[in-house]
Amino acid sequence: NAPIDKSVNKTLPIRVSSPLHQGIETDRYGHRWLRALLEPVPASKKELLNKAWQHLPKSLQQPNQIIGQHWAQCGYTMGPSFCSFGCSHCYLPKAANKVPLVPLWQMKQQIDAQVREMGLGGNLQITGGDVVDAYWRAGKPDELIEVLQYACQSGLVPMLMTHGQLLLEQPDYFARLVAEGGLRKLSLHIDITMAGRPGFPVKKLQRENQLNPLRDRFVDLVLQTRKRTGKHIVAAQTVTVTEKNLSSIGDILKWLTSDQRNMAVTRTISFQPEADIGRTVISGTPITPERVWSEVSKGVSKNLKRDHLLFGHQDCTSVATLLVRAKDRKIVYLSSDSDADGNFWQGLMKTFGGLEASSTAPLVASIRKAGALIRRPRIIFELLHYAVSLFQQKEVNSSFLLSALFGRVSGFNVVMHNFMSAHEVQQSRTTSVQQRLDACAFKGMLKKDGEWVAVSMCEMNAQIRPELYRDQAATRPIHSKSL
């Protein structure tokens, strides 16, 4: 691994981007506010949603299904594969660091293909290895800014996936990614399986709370960058769960929910059971999603459901939405077995499903929501009925409600992404595995025989990525700066 060249763009001027760099904060629809009111979800987006819905197995076409009703899919890029860390649970193949930087024109082609597959407002993970590492070490930090700009201009919502170490060391660059690139979502991978983090030697890490000072630094970085750029960026955290850190899932959730500053930055935390894929050194007793979700439930002292909302297949992704008052760690789980609960969440999708709110200028987003509300005002009554049911179940009391009104309550999502092992993907002829692949909510775009096709992340990591990287490392010249 080459040392980071801190002379490259060490003190970069921050040029706050024009509206052109903020996606549909741009003028893609111009000021067609009337159209936003009359057609909150464009016909083209409805067509993509219907296509995604029809592609789902019949058993997954449920009222609480997100795919096909709100999102066509979430996307990811096959970006630069380099990473400076050497983690014990890495999905990348051994040849990853030998693969040259992906040309900018190829990244743009992938983004174009994702727009056609997801529609405007789709969520796109900018990933590969650690893309921040890769572009910086290749001496092309501006190229990552251009990738983000292009994704925003194309109408997508990019999320940058990274271990974040370089952002801590180069806060000026992070500010540029936000101010110039239009970055509004950051995903940080932080756990005790990671080897290479300065000041946190992996051999000395036994519990996740030993990394809390690191998590605090990232909270400070995001808050400082918000203040510096005037842009509102939020973060997610991803955690690989192994035999070593299963019992300290609660430590992470306690860190998050005990301080409102942490929840102001970290809106989603994703626990990912280890999968035997890439360079992973699997635990002696491999971790199951059932054990992970049990520890998550213990960590918030709630009996969380795995199928409250479906993101594709129920064995792949589980989500729980929580409200927390940090001063006493009072936690409210926004799900129950009541009819009011089901009616509200299903009504929410019927009313606002498919809206491009997160990629639209605030005024246009508000108009779209108003247009959706006019079409289905019933959601207001469903919300009131739902709120009453929360009071009746004593999840919410008057004190908690008062705290919420004064901004002392925060919300976040806890997620479990259960990726398949290479062996499981090879069993694609079995009904359950094939259903998971068909219903995958995370898909990248790959060009095959001149046509762009959507490929599930599990299939990409288990079968396609190793072959691509092996071919690229063998046939394309590797420049020293790429390493």
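Rings of Phe, Tyr and Trp, with the six-membered ring taken for Trp, form a pair if their centres lie within 6.5 Å; planes under 30 degrees apart count as stacked, over 60 as edge-to-face and the rest as tilted. The model shown here is predicted, and the structure holds five aromatic pairs.

One of these pairs joins Trp-71 and Phe-311: the ring centres are 5.8 Å apart and the planes stand at 55°, so the pair is tilted. Phe-311 has a relative accessible area of 16%, so Phe-311 is buried.

A further pair is made by Phe-344 and Trp-345, whose ring centres are 5.6 Å apart; the planes are at 70°, so this pair is edge-to-face. Both Phe-344 and Trp-345 are buried. Together with Tyr-386 they form one aromatic cluster.

The loop between helix 2 and strand 1 also holds Ile-67. Ile-67 counts as buried because its relative accessibility is 4%. Leaving aside residues up to four places away in sequence, Ile-67 touches Ala-52, Trp-53, Leu-56, Ala-72, Gln-73, Leu-310, Phe-311, Gly-312 and Ala-441. Ala-441 is 374 residues from Ile-67 in sequence, yet their C-alpha atoms are 7.0 Å apart in space.

Next come the nonpolar cores. In soluble globular proteins, nonpolar side chains tend to be buried together. Which residues have the most contacts inside the largest nonpolar core? They are Phe-271 and Val-414, in a core of 73 residues. Apart from this core lies another, of 24 residues, including Ile-67, Phe-442, Met-460 and Tyr-469. Val-414 touches, among others, Leu-253, Ile-269, Phe-271, Trp-293 and Val-296, not counting residues up to four places away in sequence.

A search of the whole structure finds three cavities of 30 Å³ or more, and the largest cavity has a volume of about 130 Å³. Its lining is made of 15 residues, and those nearest the centre are Cys-316, Phe-419, Cys-440, Phe-442 and Cys-458. Helix 17 (431-438) and helix 18 (457-475) are the elements that give two or more residues to this lining. By class, the lining of the largest cavity has 10 nonpolar, four polar and one charged residues.

Helix 7 (residues 171-179) is mostly covered, with eight of its nine residues buried. Asp-172 and Arg-176 are among the buried residues of helix 7, as are Tyr-173, Phe-174 and Leu-177. The buried residues of helix 7 pack against helix 4 (131-137), helix 5 (141-153), strand 3 (157-162), helix 6 (165-169), strand 4 (185-189) and helix 8 (212-229).

Two loop residues remain. Most residues other than glycine have a negative phi. Arg-329, however, has a positive phi, near 55°, and is found in the loop between strand 7 and strand 8 (330-333). With a relative accessible area of 26%, Arg-329 is partly exposed. Asp-449 also has a positive phi, near 55°, and lies in the loop between strand 10 (442-448) and strand 11 (451-456). Is Asp-449 buried or exposed? At 83% relative accessibility, Asp-449 counts as exposed, because the cut-off for exposed is over 50%.

Methods:
Residues numbered from 1 in each chain as written. Predicted model: local features only at pLDDT ≥ 70, side-chain atom pairs only at ≥ 80, totals over all residues. Heavy atoms only, no water. Core = buried A, V, L, I, M, F, W, Y, C linked by side-chain atoms within 4.5 Å. Buried < 20%, exposed > 50% of the residue type's maximum accessible area, 1.4 Å probe, protein only. Contact = heavy atoms within 4.5 Å. 1 Å grid on protein atoms, 1.4 Å probe; cavity = no way out; pocket = protein on both sides within 12 Å on 5 of 7 lines; lining within 4 Å. Points joined across faces, edges and corners; volume = space filled by probe spheres on them. Helix = DSSP H or I, 4+ residues; strand = E, 2+ residues; numbered from the N terminus. Nonpolar A, V, L, I, M, F, W, Y, C, P; charged D, E, K, R; others polar.
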